[in-house]
Amino acid sequence: MSKSRGGERRLAATLAAVTAIAAGAVVAAPGRIAALLEASARALRSGRAKRKPVRVYMDGCFDLAHFGHANALRQAKACGDTLVVGLIPDAEVLRCKGPPVLREAERRAVIASVKWVDEIIENVPYDLTPEFCETLYSKHGIDYIVHGDDPCIVDGKDVYASVQALGKYRTIPRTEGVSTTEIVGRMLLLTSEH
């Protein structure tokens, strides 16, 4: 029997005894009533789950941070208690996506200002290797890795495949209609005539 089930049973028995006394079905001395109430309070306290806070991890480039990024961070935070964000460095952004618009320090400042972000880990790889994931689990206490439902493919491979295989992956819906690529495209179309 689990500790919480035992606490639930003790609480139910104590409450039944208190109810019987209150209904007049059983006569008890005031000391007995106080002892029953004390036992009931102890059972309530011990029955509460003393769970470890759930730590979730979401990484990203967060280049030209926009509403879609904020919505993703909000949803990721809702998957746990503590949101740890991995900030991909400029060199990795360049390798996997092209030159970043904002420098790493600028991107970090933006992400640090988002109210759902509790911690930031810098210099994280774009590809989530099993070794890096083990570091997340052991060193940073990460329980789940969160990403949008859009595929993240590098060199023909899903960078989240190893995490998915471990069952430590949570998917959130991507915010449609907004992306850094689309925003940069709109900016490039602007001319001095606009």
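Predicted model: local features only at pLDDT ≥ 70, side-chain atom pairs only at ≥ 80, totals over all residues.
**Entry 1: aromatic pairs**

I looked for ring pairs first. The structure holds one aromatic pair. Its partners are tyrosine 57 and phenylalanine 132. I read 6.3 Å centre to centre and 65° between the planes. The geometry is edge-to-face, since the label applies to planes over 60 degrees apart.

I then placed both rings. Tyrosine 57 sits in strand E1, residues 55-60, and phenylalanine 132 sits in helix H6, residues 130-139. The pair therefore ties together parts that are 75 residues apart in sequence.

**Entry 2: the surroundings of tyrosine 57**

I listed the contacts of tyrosine 57, leaving out residues up to four places away in sequence. Among them are Val84, Val85, Gly86, Ile121 and Val124. Leu128, Phe132, Leu136 and Ile142 are on the list too, as are Tyr144, Ile145 and Val146.

**Entry 3: nonpolar cores**

Which residues of the largest nonpolar core touch the most other members? I found Tyr57, Leu128, Leu136, Ile142, Ile145, Tyr160 and Val163. This core has 20 residues. Its largest share, four residues, comes from H6.

**Entry 4: a charge over a ring**

I checked for lysine over an aromatic face. Lysine 168 lies over the face of tyrosine 137. The distance from the ring centre is 4.7 Å.

**Entry 5: threonine 82**

Threonine 82 belongs to strand E2, residues 82-87. Its relative accessibility is 16%, so it counts as buried.

**Entry 6: positive phi**

Most residues other than glycine have a negative phi. I therefore looked up exceptions to that rule.

Leucine 64 is not a glycine, yet its phi is positive, about 50°. I located leucine 64 in the loop between E1 and helix H3 (67-78). Leucine 64 is buried, because its relative accessible area is 18%.

Asparagine 123 also is not a glycine and has a positive phi, about 60°. The loop between strand E3 (119-122) and H6 holds asparagine 123. With a relative accessible area of 58%, asparagine 123 is exposed.

Definitions and conventions. Residues numbered from 1 in each chain as written. Heavy atoms only, no water. Phe/Tyr/Trp six-rings, centres within 6.5 Å; stacked < 30°, edge-to-face > 60°. Helix = DSSP H or I, 4+ residues; strand = E, 2+ residues; numbered from the N terminus. Lys NZ or Arg CZ within 6 Å of the ring centre and 35° of its normal. Buried < 20%, exposed > 50% of the residue type's maximum accessible area, 1.4 Å probe, protein only. Core = buried A, V, L, I, M, F, W, Y, C linked by side-chain atoms within 4.5 Å. Contact = heavy atoms within 4.5 Å.
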